[in-house]
Amino acid sequence: MRESAAAETRPYHHGDLRRALVEAACRLLETEGPGALSLRAVAREAGVSPAAPYHHFKDKSELLDAVAHEGWEKLDAAFGAVRASGADTGHLVRELGVAYVCFAREHPALYRVMYDCSRDKADMPAHVHENEESAYRRVKETLIGAGADPADEVGLELATIACWCAGHGLAEMASFKQFEPLKEALGGEEAFLRGVLEHLGVFARGMHR
């Protein structure tokens, strides 16, 4: 029996219904894809009544925004783990790039929703820029640690965007089958990712003062 089917008869005991609904949506998203998401399906997965999600989300769009926010927080945590790992400062930007691609590969449906929900908005989610622990801010801080001039606001912003775009592009292309022989020759997936990122100057060197 599917977990979501069993959830229909499972009593709801959690105190944070909104959190339970978002977690249920993430499970459905990863197992069945965005097309399976509806407020009714999420209610069934969470083991609550069909009306319960409407206390927190007026429609599917609001639910997807909440799921996307959950994805950004997971990415923030992944970057935080890299920053706390004690990796050499000179390679820290590269390791963030590897973590980014690995996150995208491990959570493909969630990753897609994160960007689909941002694409039609004027800005990325506010916390991306405002939260000191956001993945985007961590990239910027790592660049400063690697030698970027914090007073050069435009240059620093462009370098951060360059890192982000490079990671995003690699995440989109890393699964291409034509790269398999190179991955094997280099010793695996992460060795391949590091090799590619090291050939992008900002990842290999950080920024010079």
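Predicted model: local features only at pLDDT ≥ 70, side-chain atom pairs only at ≥ 80, totals over all residues.
Residues are numbered from 1 along each chain as its sequence is written. Local features need pLDDT of at least 70 and side-chain atom pairs count only at pLDDT 80 or more, while totals for chains, interfaces and linings use all residues, and side-chain values use heavy atoms, with hydrogens and water left out.

**Exercise 1.** Determine how helices α2 and α4 are oriented to each other, and which residues make their contact.

Solution. Begin with the elements, which are DSSP runs numbered from the N terminus (helices H or I, at least four residues; strands E, at least two). Helix α2 covers residues 17–32 and helix α4 residues 60–83, and their axes lie 10 Å apart at an angle of about 85 degrees. The axes are lines fitted to C-alpha atoms, for helices over the stretch in contact, with angles running from 0 to 180 degrees between N-to-C directions. Angles of 65 to 115 degrees count as roughly perpendicular, and α2 and α4 are therefore roughly perpendicular. Next, take contact as heavy atoms within 4.5 Å: α2 contributes R18, R19, V22, A25, C26 and L29, and α4 contributes L63, A66, V67 and E70.

**Exercise 2.** Classify R138 by accessibility and list its contacts.

Solution. R138 is placed in helix α8, residues 135–145. With a relative accessible area of 14%, R138 is buried. Leaving aside neighbours within four places in sequence, R138 is in contact with D76, F79, G80, R83, L96 and E133.

**Exercise 3.** Describe the largest nonpolar core and the surroundings of W164.

Solution. A nonpolar core is a set of buried Ala, Val, Leu, Ile, Met, Phe, Trp, Tyr and Cys residues joined through side-chain atoms within 4.5 Å. The largest one has 59 residues, and L75, F79, Y100 and W164 have the most contacts inside it. Helix α5 supplies the largest share, 10 residues. Outside four places in sequence, W164 touches residues including W72, L75, F79 and Y100.

Technical notes. Parallel < 35°, antiparallel > 145°, perpendicular 65-115°, else oblique. Buried < 20%, exposed > 50% of the residue type's maximum accessible area, 1.4 Å probe, protein only.
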